[in-house]
Amino acid sequence: MKTYDGPVSDHFDGLHFFDPDGSPPKSLGEVLRWQFGGRGARSVWPDWVPSPYADTPPPRVEGAKVRFSFVGHASWLIQTAGLNILVDPVWSMRASPFSFAGPKRHNDPGIAFERLPEIDVVLVSHGHYDHLDVATLSRLAAKFAPRVVTPLGNDVTMRASDEAIKAEAFDWHQRVELGNGLAVTLVPTRHWSARGLFDRNKALWASFVLETPAGKLYIVCDSGYGSGVHFRRVAEAHGPLRLAILPIGAYEPRWFMRDQHMNPEDAVKALADCGAAQALAHHHGTFQLTDEAIDAPVIALGEALDAAKVPREKFQTLKPGQVFEI
């Protein structure tokens, strides 16, 4: 497997990427302990939980309006200023290297692939299979040939699978002009990356700050909370933020998931730290990656907002196919 080869930095030691303010990923022994030793009951998700919504997006959204269409899990279509941007697109049935095993969808994508408008840009946050889906990226490349903006090393993964994927790799804090007045900056996030047993942290991971005519959008596809420093630094460097997309699912058991995935209480703290005027939730309800029930993140988010005295409408959850506009 080819991997990134580049200069040493404050978060790359020449072989592996690392987060100076984060935690290393769990060991194989801890993975086995979670899966086989002394674990609590894993909630059983219904086999199929269809969304009552299905979106047919317009060809373009012009001007300062931003249209967010929730595809499911961490996949979004964002339309603004005449550009169509996909985030972590996954249309495959499984988030897995295998077609016959691994986390399986529990609902259809909120936009049928055939109903996608022309896609100009794709943002891919990191290499985990529920975020970097080479089958979907190949379909997009064949149909639309979009630019694919991703952190360092993930371009190697994409091109090794399909040279037609127009991947462009960038480091933390690099700003990329997208056209029509839009730009995206890759920012540190508390996570890690791997696609196999021997490539752990050999590609970088990131969140995105997307500059739009309606304001800056903070897109966090996967992150633990830690001390909240990552979110406060984004507020300091990029604020004010008009809207944040924050993960709320895949968090149990906490002893295992705390360092890599926020729970809803963490997400409410992250919203306060980054200072966004509005938030949308994602990373729940499509692929069962962890132990909590399918509806637990949404219920717990409401409770966490109430406890923090934050109006529920400030941090909304959508079902696949639902649309939010600013």
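Start by selecting strand E9, residues 207-212: six of its six residues are buried, so the strand is largely enclosed by the rest of the structure. Buried means under 20% relative accessible area, exposed means over 50%, and partly exposed lies in between (1.4 Å probe, protein chains only). Helices (H or I, at least four residues) and strands (E, at least two) are DSSP runs, numbered from the N terminus.

This is a predicted model, in which local features need pLDDT of at least 70 and side-chain atom pairs count only at pLDDT 80 or more, while totals for chains, interfaces and linings use all residues. Residues are numbered from 1 along each chain as its sequence is written, and side-chain values use heavy atoms, with hydrogens and water left out.

**Stop 1**

Show the side chains of E9. In a regular strand the side chains alternate between the two faces of the sheet. Ser207, Val209 and Glu211 are buried on one side, and Phe208, Leu210 and Thr212 are buried on the other.

E8 and E9 run antiparallel and are joined by five bridges. Two strands count as paired if DSSP finds at least two bridges between them. Look for Thr185, which stands opposite Val209 of E9.

Phe208 has Ile219 of E10 as its bridge partner.

**Stop 2: Leu182**

Select Leu182, in strand E8 (residues 182-187). At 0% relative accessibility, Leu182 counts as buried. Its contacts (heavy atoms within 4.5 Å) include Leu83, Ile85, Val176 and Pro213, with neighbours within four places in sequence left aside. For a sense of scale, pick Arg139: Leu182 and Arg139 are 43 residues apart in sequence and 25 Å apart in space, C-alpha to C-alpha.

**Stop 3: the sheet around E9**

Zoom out to the seven strands. They make an open sheet in the order E7-E8-E9-E10-E11-E12-E13, with mixed pairing. Strand E7 (175-179) and strand E13 (315-317) are the edges, each pairing on one side only. From one strand to the next the twist averages 20°. Angles here run from 0 to 180 degrees between N-to-C directions, and axes are lines fitted to C-alpha atoms, for helices over the stretch in contact.

Select strand E10 (residues 215-219) with strand E11 (residues 241-247). They pair in the parallel sense over four bridges. Ile219 stands opposite Ile245 of E11.

**Stop 4: the helices on this sheet**

Select helix H6 (residues 264-274). H6 lies across E10, E11, strand E12 (279-282) and E13, and runs at about 155° to E11.

Two packed helices are described by the angle between their axes and the distance between the axes. Show Phe231, Arg232 and Ala235 of H4 with Ala270, Asp273 and Cys274 of H6, which make the contact.

The axes of H6 and H7 come within 8 Å and cross at roughly 50°. H6 and H7 are therefore oblique to each other. Pro264, Glu265 and Val268 of H6 meet Pro297, Ala300, Leu301, Ala304 and Leu305 of H7.

**Stop 5: the other sheet**

Select the strands E6-E5-E4-E3-E2-E1-E14, listed in their order in an open sheet of seven strands with mixed pairing. Its edges are strand E6 (166-170) and strand E14 (323-325), each pairing on one side only.

Pick strand E4 (residues 121-123) and strand E5 (residues 147-151), which pair in the parallel sense over three bridges. Val121 has Arg147 of E5 as its bridge partner. Helix H3 (residues 154-161) packs on this sheet, touching E5 and E6, at about 135° to the direction of E5.

**Stop 6: the cores**

A nonpolar core is a set of buried Ala, Val, Leu, Ile, Met, Phe, Trp, Tyr and Cys residues joined through side-chain atoms within 4.5 Å. The largest has 37 residues, and Phe68, Trp76, Ile78, Leu123, Val149, Leu178 and Ile219 have the most contacts inside it. Apart from it lies another core of 25 residues, among them Val234, Leu246, Met262 and Phe315.

Finish on Trp76. Beyond four places in sequence, Trp76 touches residues including Phe68, Ile85, Ile245, His282 and Leu318.

Notes
Parallel < 35°, antiparallel > 145°, perpendicular 65-115°, else oblique.
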